[in-house]
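Subject: Structure handover

Hello,

Here is the structure I promised to pass on. Please open it alongside this note.

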Amino acid sequence: MGEEKKILLVHGPNLNMLGKREPAIYGAETLDDVNRQMTDAGKQRGIAITPFQSNHEGAIIDKIQACFGTFQGIIINPGAYTHTSIGIRDAILSISLPVVEIHLSNIYKREPFRHKSMIADVAVGQISGFGVYGYLLALDALTHHLNASVKN
Ligand code: DQA
């Protein structure tokens with residue numbers, strides 16, 4: 001039997017405010033709700049999910065770097081740093097691990113400054129606009145990607 005896979009789940013700035021923050025856009029569920037659903041879904045798939053949230057770019061970069069050699073992949077909602085952070089982009093490139101980018105809202109339906117992602121072209125793929133369900137889609141997408149990589 002293979003070892004259990006480990007996936008880091010990164011939540012960027014202001015996502016600690018989920019449930020209170022602009023509920024018409026981001027919904028009523030809290031970050032704890034998201035993390036609970038994800039850790040449960042991970043268990044069902046034999047994957048250990050480690051959630052991490054920070055409002056600080058450097059802390060997110062440190063966490064991504066620390067994944068090297070420990071985690072097999074990352075699911076990240078970089079929040080507003082999606083649109084600005086070359087540092088997070090470079091951190092992802094530095095660890096050579098598969099990353100799935102997720103957004104609760106459809107960033108392409110919103111203000112023009114949200115249409116650009118610094119992360120999208122260094123991620124395996126992006127999920128945007130499906131609310132909290134998008135995290136489960138991201139988990140399935142990353143699991144599929146990891147299983148497919150093992151076969152190749
Ligand atoms: C977000 C979209 C970003 O534009 C925004 O800054 C967020 C949340 C989303 O999940 O829809 O903080 O990443």
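A word on the basis first. This is a predicted model: local features need pLDDT of at least 70, side-chain atom pairs count only at pLDDT 80 or more, and totals for chains, interfaces and linings use all residues. Residues are numbered from 1 along each chain as its sequence is written, and side-chain values use heavy atoms, with hydrogens and water left out.

**Salt bridges**

The term means a side-chain nitrogen of Lys or Arg within 4 Å of a carboxyl oxygen of Asp or Glu.

Start with D140 and R45. Their side chains form a salt bridge, at 2.8 Å from N to O. This pair links distant parts of the chain, 95 residues apart. D140 sits in helix α5 (residues 133-151). R45 lies in the loop between α2 (31-44) and β2 (47-53). Helices (H or I, at least four residues) and strands (E, at least two) are DSSP runs, numbered from the N terminus. D140 is partly exposed, at 38% relative accessible area. R45 is partly exposed too, at 34%. Here buried means under 20% relative accessible area, exposed means over 50%, and partly exposed is in between (1.4 Å probe, protein chains only).

Next, a network. Salt bridges link R110, E111 and R114. E111 meets R110 at 3.8 Å, N to O. E111 also meets R114, at 2.7 Å. E111 is partly exposed, at 31%. R110 is buried, at 17%. R114 is buried as well, at 16%.

**Nonpolar cores**

In soluble globular proteins, nonpolar side chains tend to be buried together. A nonpolar core here is a set of buried Ala, Val, Leu, Ile, Met, Phe, Trp, Tyr and Cys residues joined through side-chain atoms within 4.5 Å.

The largest core has 22 residues. I7, L18, M38, I75, L104, Y135 and L139 touch the most other members. Two or more residues each come from β1 (5-11), α2, β2, β4 (99-103) and α5. Helix α5 gives the largest share, five residues.

Which residues does L104 touch? Leaving out residues up to four places away in sequence, L104 touches L15, L18, Y26, N77, G129, F130, G131, V132 and Y135. Contact means heavy atoms within 4.5 Å.

Another core, of 20 residues, lies apart from the largest one. Its members include I74, Y81, A91 and I92.

Best wishes
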